[in-house]
Amino acid sequence: MLYQIADGSVSVGGTPVLSHFNFEIRGNEKIAVIGQNGTGKTTLLRLIAGELDLDADDKRNGPGIVTARRVTVGMLRQQAFDDLERTVEEELLKACPAGDSFEQERFEYEREYDTILTGLGFTKADKVRRLRSFSGGEQTKLALIRLLLEKPDILLLDEPTNHLDVASCEWLEAYLKNYEHAAVIVSHDRFFLDQTVSSVCEIINKKIVRYPGNYTDYRKEKLRRITSQQKAWERQQEERNRLEAVIERFKHKPTKAAFTRAKKKQLERMETLSRPTPDDSFLFTDPIVPAIPGSKWVLNAEHLRLGYPGHFLLELTFRIRRGQKIGLIGPNGAGKSTFLKTVAGLLPPLAGEYTLGNHITVGYFDQHTARIESDKTVLEHFHNLFPALTEKEARSILGHWLFGGKAASHRVSDLSGGEKSRLILAELLQSRPNFLILDEPTNHMDIQAKETLESAFRAYTGTILFVSHDRYFIRQVAESVLIFENHTAMYDPFGYEHYLEGTRRLQEELPVAARIRAEDQALIAGLRAVPRAERHRLREIPEDEVRLDWQLRQMDEKLRPLAARYADLEEQYRQLQDAVRQSEDWWTTDQTDELPDIRRLHALRGEMDSAWEEWHQGCLGYLEILEDLPEYQ
């Protein structure tokens, strides 16, 4: 236990923020602090940083704040730098423990700050620039670099990815995974939390509830706990109602007086369970089915040239099949939004052609469509669009989109940007098109709204083509990804996780399976229209075979080093065994188990057994994949 708050309370401006809560940091663990806006996440960071003190509370049972030793704490401040006339190098060298530029420690420090500086998107030439020449976001990144170089025992990060691009986020994720000390992170970037933290602390009702694992683990466990608590509460309500009915039935019968008193005592002794607070997000479980299914092929693009007059971006040949959910990823300016606008008919192509299938109905969303203004309430606005609904039905649907209760009475013009986007998306899905084209649908939304939206898109059985910078949203919704980069388009049929794995393999110069050019994807899609009996003439590689190949490659990569380790230990054991049997000590000593070489033999035997068990378990995993093949079933 490195740091602990036991039964603490904290107020800001006389207003209680956290009350009688417990919190602790163990070793070098990475902790996420989450909760709705205003619940006290930043207050907790300020408390750990020493900017705030616990309230004086005579009712406190615990000791308050306890540390295992004297710890250093580092946190980004609102005022990042005191002197903006300093250069980057002057500021970063302030934290260097060695003053002499010729010391080894100074060399190691400068090498590390070069690595962090370039990892977060700066160049080495930026070291001589003055701090005032950088934007506010860049200054925040530089302050983060200085903080990372200080290596405090407890690193406090409040929304560290706000000013970072995807490449910088990935670099910071890798850095924090290997950070040797503890970190407490407040972030709305769920993918970032999934990659970095091992515990999640949720602030709710002025208390802190701790969950093991990353963000995805936390969501699963929280939903499980809510379901379990709801069932326990319902069982208790049934039992209370049964006991009350028994008491009411027999309370006027003298012969049942003792029985009735026993039931009353049983009811009084029963610990009253509080009804669990429902989850903040509404999760769609029933399928959202388009009004009409549309044709099998939704989009067919042939040598489609994207861009604007005088500015060519990309040429693309691509086909989309009914029911696909495709995420577009790539750097800004690569042509992602241009492709969406072209497909939606809002922007003419530079050349080439594209066609939508028969009976394809398009629902288009971008940030411009979400800029609605109206003096009507949310309920009136929604009900006017769908007059066939009763008011009760309209309220129920709006409640699913987090516009329940008083929120349905808010004026549309008074809604935030994220709330307006959510309302438009609710209207889109209620109209049931069969092809959704979405450009950054989750911008300005909080986590609860994003998770509701993700569940809706997973439940939707139509086709989705979308762009998003939210990596968690892409992972949750996209079943395949289309990558725009370097004026080309690549297609990965297995989703965002597989794309990231492929990117890692490319960086390590390893072979990548399954990523193909968009033109090849269109060709394979066309070949699938050929009867199965004739496909062998076309040399098509089925998608399931590519997926199997990828899985087997991954397993093979894991098995090879395990097999090599076992073979190496076996060879060491054999050589040592031969040497022992040829030694004089083996034949002349009665207590052979006391010989150093014999003890080493026993240790090697144990290592061999352990290595064999790892290899054996890997082989079983390999076999499980093979058993999915039809010829094994």
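Before we start, a word on confidence: this predicted model has a mean pLDDT of 85, with 87% of the protein's residues at 70 or more.

**Exercise 1. Find which elements of the protein have the lowest and the highest mean pLDDT.**

Solution. Now look at residues 530-541, where pLDDT stays under 50. For this stretch the model has 10 contacts beyond four places in sequence.

**Exercise 2. Describe how helices α3 and α5 pack, and classify their angle.**

Solution. Two packed helices are described by an angle and a distance, both taken between their axes. Here α3 (residues 104-119) and α5 (residues 166-177) pack at about 140°, and their axes are 9 Å apart. Roughly antiparallel would need an angle over 145 degrees, so α3 is oblique to α5. Next, list the residues that meet: α3 brings Glu112, Thr115, Ile116 and Gly119, while α5 brings Ser168, Trp171 and Tyr175. Sorted by class, this contact has three nonpolar, three polar and one charged residues.

**Exercise 3. Work out the strand order of the sheet that holds β1, β2 and β4.**

Solution. The order is β2-β1-β4, an open sheet of three strands with antiparallel pairing. Its edges are β2 (15-25) and β4 (64-67), each pairing on one side only. From one strand to the next, the twist averages 25°. Finally, zoom in on β1 (residues 3-12): seven bridges join this strand to β2, and valine 12 stands opposite threonine 15 of β2.

Key:
Residues numbered from 1 in each chain as written. Predicted model: local features only at pLDDT ≥ 70, side-chain atom pairs only at ≥ 80, totals over all residues. Heavy atoms only, no water. Axes fitted to C-alpha atoms, helices over the stretch in contact; angles between N-to-C directions. Helix = DSSP H or I, 4+ residues; strand = E, 2+ residues; numbered from the N terminus. Parallel < 35°, antiparallel > 145°, perpendicular 65-115°, else oblique. Contact = heavy atoms within 4.5 Å. Nonpolar A, V, L, I, M, F, W, Y, C, P; charged D, E, K, R; others polar. Pairing = 2+ DSSP bridges. pLDDT = per-residue confidence, 0-100.
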